[in-house]
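Okay, thanks for coming, everyone.

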Amino acid sequence: MTWSIFVDSVPELLQAALSTLQMTVMAFCLAAVLGLLLALVRMAGGWPGQFAFLYIEMLRGTPALVLLFLIYFGLVSLGILLHSFTAAVVALGLNGAAYTAEIYRAGITAVDAGQREAAQMIGLRRRQIMHRVVLPQALPVVLPSMGNYVVSLLKDTSIASLIAAPELMLRARDLAGTYYLPMEYYCVVGVMYLAMAWPMMHGLRRLELRLGRRHPPSIMTGT
């Protein structure tokens, strides 16, 4: 009887898992782009840099769930009503940008200053130096931390179930309540999260090895 219930639930769980992956990818794209901008602005200094620093510190010190509730429930008072899925993507992306900004900053500062000086001596402009010299060398440095962030983000999408965003944890909670099988469904969902995270971790590890061979540590230190 129980097995037949699980078999009947498979299509719903798979569809929910697909929504979870979509939410993860979209939130990561937002966090990656905004995080890079924040890192560059912060390192540029001035009042924009101070604003970026304040944003990063505030978001890192605030639970993602608070930001999620503010965007989904708080914006309603301003006449802005977002779909629960969109609100989850925006909240996770904005929150994640604070973390990716620090990851980018650590990678950029790890590139030896002599690399920038050499690029300036051959006439490259500031934007060209960042695009052609600094960022390609910073990428292998940021990749491990970025990979950890992606896996963490995948798991953090589960908080979106609290605003009824269509994702895996919400579907599991509904099914567990319908069939009174909480332990069984939550164990299945745990395995499904692991099955989604495992290829990410394995793929990122292979990418780290490939980029590590292309940019050996000697390039980063300028020795």
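**Cysteines, helices and a pocket**

Let's start with C29: at 43% relative accessibility, C29 counts as partly exposed, because the partly exposed class sits between buried, under 20% relative accessible area, and exposed, over 50%, using a 1.4 Å probe and protein chains only. C187 is at 45%, so C187 counts as partly exposed too.

Quick housekeeping. This is a predicted model, where local features need pLDDT of at least 70 and side-chain atom pairs count only at pLDDT 80 or more, while totals for chains, interfaces and linings use all residues. Residues are numbered from 1 along each chain as its sequence is written, and side-chain values use heavy atoms, with hydrogens and water left out.

Now the overall picture. The chain has nine helices and zero strands; those are DSSP runs numbered from the N terminus, H or I of at least four residues for helices, E of at least two for strands. The C-alpha trace spans about 75 × 45 × 25 Å along its principal axes, and 39% of the 223 residues count as buried.

On to the largest pocket, with about 320 Å³ of space. Grid points are joined across faces, edges and corners, and the volume is the space filled by probe spheres set on the points. The lining includes L40, R116, R126 and V134. Which element gives the largest share? That's α6, with four residues.

Next, helix α7, residues 168-179. Its twelve residues should span 16 Å at 1.5 Å a residue, and the end C-alpha atoms are 16 Å apart, so that agrees; the expected span is 1.5 Å times one less than the number of residues. L168, L170, A172, L175 and A176 are buried in α7. At its start, a side-chain oxygen of E167 reaches to within 3.0 Å of the backbone nitrogen of M169. After α7 comes Y180, with a positive phi near 55°.

Last stop: E102 in helix α4, residues 84-110. E102 is buried, at 15% relative accessible area.

Technical notes:
1 Å grid on protein atoms, 1.4 Å probe; cavity = no way out; pocket = protein on both sides within 12 Å on 5 of 7 lines; lining within 4 Å. Polar contact = N/O pair within 3.5 Å; in protein donor to acceptor, adjacent residues only side chain to side chain.
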